[in-house]
Every structure is written in C-alpha cells, then in structure tokens.
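Reader: I'm new to this one. Could you walk me through how its helices pack?

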Amino acid sequence: ALGAGAFAAVERGELDLGENLATEALRHAAQPEESFLAMLALGISDLYRGRHDAAQAWYRSVLAIEGLPPAYRADVHATLALLAGYAADLSTARDHAAHSRAGAEATGAVNTRAFAAYATGETLLLEDAEAAVPVLAAAIARAGRGAAHVSAVARIALLSALTRLDRHSE
C-alpha cells in the first residue's frame, strides 16, 4: 500500500511526500512488486526533478530485482531508452528500446506494448524522423483508450516527426 501511495503522490506532483512514502515502502518491501513500486516512484520523482542520473540508477536497480514480472522490466527498459535519448546516448537508447520491445511482445500486455513502441519511436526520432512515423502511429493505435498518457506523448512525438518532415497535411 505504501508503494502505491508513493506512486500516486509522485504522479500528482507531491514529490516530497512520494519520496518519503517510497523510502518507507522500500524498507518494508517483501515482494518484488512492492520493491518495484517504491523504486519506480523514486525514479519518477527524480525524473520530474530533472535528476536523470539518479532516475537511471533507480531504474537500473529495478532491473536487478529478482522475480519481477517481464512487463515491469519492459516498461523500465522503455523509460531507460527515453532517458538515454535525452542524454543523446543513441546506442544505449537503441539497446533499451530493443529490450523493451522484446519484453513487451512476450507479455502481450497492450499498455506495455504501446509504451515500448513509443520509446522506440522517440529513439528513432533522434536520427530518422521518417522511420519514427509508423512506429509512433503504431504506439498511438496500441495505446487506444487504455493508455491515455502513452497516446498523448506519442501523438506529440508524431507531430514533431511530421513537422520535421514538412508533412503538415497529415
């Protein structure tokens, strides 16, 4: 419950509260999913604060959790792909995007597949806007109504790609 509360607080922008709850949740975590939620909240908080190195450290710690479901790992790889892209580390971004896609396809979870496609599209957008367009469109289609946040950010990325390509009518 503490991890879920931490995640909710961070998502609402209450970063100090979220970090306090996540730290406490991590101390009491008995299951991999409990550790995941606590570390995820801490990573997101660091991401929102612009502390990308600290966020990456939390996400790498998540990947070290034994017994973590594959869908969780796929989402973490997608986030690490985005963070690597922000740092202009294309090789690392590509690697994490590939791990995210592979994990997402293996799980079949719609939201996870949508997020993996979005992260892949953002990674492609760093060097090949044309290649990013169909991937981002697929992310939007996969997101549907069940992954509103992924749909929104993928639409923005697609708009960016189309603008760069001077394809304003689309």
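**Helix pairs**

Author: Helix H1 (residues 2-11) and helix H2 (residues 15-28) have axes that come within 8 Å and cross at roughly 160 degrees. Helices here are DSSP runs of H or I, at least four residues, numbered from the N terminus, and axes are lines fitted to C-alpha atoms over the stretch in contact, with angles from 0 to 180 degrees between N-to-C directions. This is a predicted model, where local features need pLDDT of at least 70, side-chain atom pairs count only at pLDDT 80 or more, and totals for chains, interfaces and linings use all residues. Residues are numbered from 1 along each chain as its sequence is written, and side-chain values use heavy atoms, leaving out hydrogens and water.

Reader: So are H1 and H2 roughly parallel or antiparallel to each other?

Author: They cross at roughly 160 degrees. Angles over 145 degrees count as roughly antiparallel, so H1 and H2 are roughly antiparallel.

Reader: Which residues of H1 make the contact?

Author: Contact means heavy atoms within 4.5 Å. On the H2 side, the residues include Leu15, Leu21 and His28. From H1 come Leu2, Gly3, Gly5, Ala6, Ala9 and Val10.

Reader: And at what angle do H4 and H5 pack?

Author: Helix H4 covers residues 52-63 and helix H5 residues 70-86. Their axes are 10 Å apart, and the angle is about 155 degrees.

Reader: Which residues of H5 does H4 meet?

Author: H4 brings His52, Ala55, Gln56, Tyr59, Arg60, Val62 and Leu63. In H5 they meet Arg73, Val76, His77, Thr79, Leu80, Leu83, Ala84 and Tyr86.

Terms used: Helix = DSSP H or I, 4+ residues; strand = E, 2+ residues; numbered from the N terminus. Parallel < 35°, antiparallel > 145°, perpendicular 65-115°, else oblique.
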